[in-house]
Amino acid sequence: MSEDRKTRRYALRFEVVYDDGEGYMSGPVHDISETGCYIETVMPLAPGKKVLLTPLLEDEAGNFELAGEVVRANEYDLDRIDGETPGMGVRFIDPNPDFVAALLRVHAAEED
């Protein structure tokens, strides 16, 4: 999830459960796009780690599981002064088109 993003990011806030094959964790999504998301956590997984994501969206958005790969990790650091949120960037692997449509519906509802 580089700075030269080609997809629009949405500042939607919701919880996501992620499974790295060794256990389940959860955290709030900081922002999301059609191709990936940034999950706030003080214990980010290492880049290259595969995860299965379950977004906890409103009922009308539906239930989805998305495969992803960690592409960036920002460790928690008390000495950090740049204000960057600790967490990890996850790129979706073959994103579900229904999820993208649900994402846009949730975003539109929040703008109302």
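Two strands count as paired if DSSP finds at least two bridges between them. Keep that in mind for the first stop of this tour. The model on screen is predicted.

**Stop 1: β2 and β3.** Select Ile 32 and Cys 37. Cys 37, in β3, is the bridge partner of Ile 32. Now widen the selection to residues 36-40, which make up strand β3. β2 and β3 run antiparallel and are joined by 3 bridges. Follow the chain from β2 to β3: a hairpin of 3 residues links them.

**Stop 2: the whole barrel.** Zoom out. The strands form a closed barrel of 6, in the order β1-β2-β3-β6-β5-β4, and the pairing is antiparallel. From one strand to the next, the twist averages 45°.

**Stop 3: β1 and its two partners.** Select residues 15-19 for β1 and 24-32 for β2. These two strands pair in the antiparallel sense over 5 bridges. Pick out Val 17, whose bridge partner in β2 is Ser 26.

**Stop 4: the turn between β1 and β2.** This hairpin has 4 residues between its strands. Click Gly 21, which takes a positive phi near 90°. Next click Asp 20, in the loop between β1 and β2.

Which side chain of opposite charge is nearest to Asp 20? Select Lys 49: the distance is 4.5 Å. A salt bridge requires a side-chain nitrogen of Lys or Arg within 4 Å of a carboxyl oxygen of Asp or Glu. Asp 20 is buried, yet has no salt bridge. Leaving aside residues up to four places away in sequence, Asp 20 touches Met 25, Leu 45, Lys 49, Lys 50 and Val 51.

**Stop 5: Glu 69 in β5.** Select residues 66-74 to show strand β5, then highlight Glu 69 within it. Is Glu 69 buried or exposed? Glu 69 counts as buried because its relative accessibility is 17%, and the cut-off for buried is under 20%. The Glu 69 side chain makes a polar contact with it at 3.5 Å.

Finish by showing the neighbors of Glu 69. Not counting residues up to four places away in sequence, Glu 69 touches Gly 48, Lys 49, Lys 50, Gly 89, Val 90, Arg 91 and Ile 93.

Note on methods
Residues are numbered from 1 along each chain as its sequence is written. This is a predicted model: local features need pLDDT of at least 70, side-chain atom pairs count only at pLDDT 80 or more; totals for chains, interfaces and linings use all residues. Side-chain values use heavy atoms; hydrogens and water are left out. Buried means under 20% relative accessible area, exposed over 50%, partly exposed in between (1.4 Å probe, protein chains only). Lys and Arg count as positive and Asp and Glu as negative; His and the chain ends are not counted. Contact means heavy atoms within 4.5 Å. Axes are lines fitted to C-alpha atoms, for helices over the stretch in contact, and angles run from 0 to 180 degrees between N-to-C directions. A polar contact is a pair of N or O atoms within 3.5 Å; within protein, one must be able to donate a hydrogen and the other to accept it, and residues adjacent in sequence count only if both atoms are side-chain atoms.
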